[in-house]
Amino acid sequence: MAQNWGGRFFTFALFVVLARLLTPHDFGVVSAANIVLLFIAMVSDFGFGEAIVQRRNMKHTDVNLPFFFSLFMSLTLAFVVSMNAEIVSGWLNVEGVEIVLATICFIAPLTTLSQFQEYNYRKQLRFKALAFRVFVANIIAGAASIATVLAGFGIWALVVQMYVTILVSLIWLWSMPVWKPTFTLDFKAFRELARFGFSVVTMRVFDFLAQRFVEFFVIGRYGVAIFGLYAVGARVYQIMMQLLQGALSDASLAVLSTIAHNRAKMAELYLKTIVISNFLFAPVFCFVAALSPEISLILFGAKWEGVEDIMRPLMILGAVQCSQFMNGPFLSAMGRPSLVMYVSAIKNLAAPIALLTIPSAGVADVAMIWAFSQFLGTPFSFGLTARELKVPILRVILNAAPAVLGCVAADLAVDALRDHLSSSIDSVFLMGIVLGASYFAVYGMISCSLGYRQVKTIVTFVRNRMNSR
């Protein structure tokens, strides 16, 4: 996780620099084209990645047919989209996106080539190598994108960043492969992997439709420039999820699959995960939500005014999802990805219904409505996971309650203090420092006093891990 953070922090810093150099319209156009790219990659993968990581006693040749199938699909879809970029751009209703779309769609087959090597790295728990690869790729891509924008190519800096990132990753992984394809094809293994992958890809399609429906909704109602604002606010949320949960989530399926037969051990780890996620990760999301006006202005400048209103509900959603997202790896490790799919269907069917039925006066309202719709799957997610692990749901709630109360109290304290200090502090940076210190003071006092046992568990866990080094 620590090594992964280096790459993610650099990505975030690069994102901030590019946001200051480019316009909301630039980000809106590339983000719209990226919707199609993500769909191609998701369909082509077909959930084989998680199936490969989860499968025990897998033979080297079992991966061959899924690899060739995914590569064929990604090449075919990329070619179709490239040849019909003008038609697809009409569906997106974004002027000028067709040339960007035709250019970036061939990132999809490169991603397939990279991902299958990465899946096998994860299978062997070689996460340090993967993290270092991400760090190097982000540095090289960052330098290339900044050079491109300074040379006056504007929006193409984002395209260059995407291509350089995947090419460096691809070269890195295949220069030190842990798996090499052969032409020995095992159709029985393919069917078994595809059966598992079907539940995964179905869940991802639901997620994709819900996630992208809100983006199409914003584009159609408010235009590409306002969509650029939404895309930047959502990007902050996504990077935060990658920073605070991504590395843990990536590693968890591979590790949990090795002990999935031991439900008692799984239950013990699950409760520890709930404590760590809620006490260490969720407060950071709530902190960014509470200080979103100051953080947005400091990072992006005045031309991105309005991003803070998008960030706030998404960060509160992220605080909940810190622990909720870990339910997926636990259920998948036990061979129950269909349950994850059901939860995903509930929350993602709620998203378009909520957006179409609840009135919204602006893009900030859209972000709030979408975040609310995502909360609807939370009770089902925790309930199903607790049932499968035979953990009383009350224990899950009690483990999380002190951290939740601490976050709520700290958020309310920041709002009250901002109103009190707004007339006496002119510096945004100084206001952020004062409010940030107040937030963590209130959170620490509430969470530690109400959750002494949970804090002690975290301290003991960290100490044991340090000693084991």
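Mentor: Buried means under 20% relative accessible area, exposed over 50%, and partly exposed in between, with a 1.4 Å probe and protein chains only. By that rule, buried residues make up 54% of the 469 residues in the protein. This is a predicted model, where local features need pLDDT of at least 70 and side-chain atom pairs count only at pLDDT 80 or more, while totals for chains, interfaces and linings use all residues. Residues are numbered from 1 along each chain as its sequence is written, and side-chain values use heavy atoms, without hydrogens and water.

Trainee: Why is Gln 117 called buried?
Mentor: Its relative accessibility is 0%, so Gln 117 counts as buried. Gln 117 is found in helix 7, residues 107-123; helices are DSSP runs of H or I with at least four residues, and strands are runs of E with at least two, numbered from the N terminus. Leaving aside neighbours within four places in sequence, Gln 117 is in contact (heavy atoms within 4.5 Å) with Leu 173, Trp 174, Pro 177, Val 178 and Trp 179.

Trainee: What class does Cys 448 get, buried, partly exposed or exposed?
Mentor: Cys 448 has 40% relative accessibility and therefore counts as partly exposed. Cys 105, at 1%, counts as buried.

Trainee: How do you know that the radius of gyration agrees with a compact globule?
Mentor: The radius is taken over C-alpha atoms, and the globule rule is 2.2 Å times the number of residues to the power 0.38. For 469 residues the rule gives a value near 23 Å, and the protein has 22 Å, which agrees. The C-alpha trace spans about 70 × 55 × 45 Å along its principal axes.

Trainee: How many helices and strands does the protein have?
Mentor: The protein has 21 helices and zero strands.

Trainee: At what angle do helix 12 and helix 18 pack?
Mentor: Helix 12 (residues 263-290) and helix 18 (residues 378-389) pack at about 145°, with axes 9 Å apart. Axes are lines fitted to C-alpha atoms, for helices over the stretch in contact, and angles run from 0 to 180 degrees between N-to-C directions.
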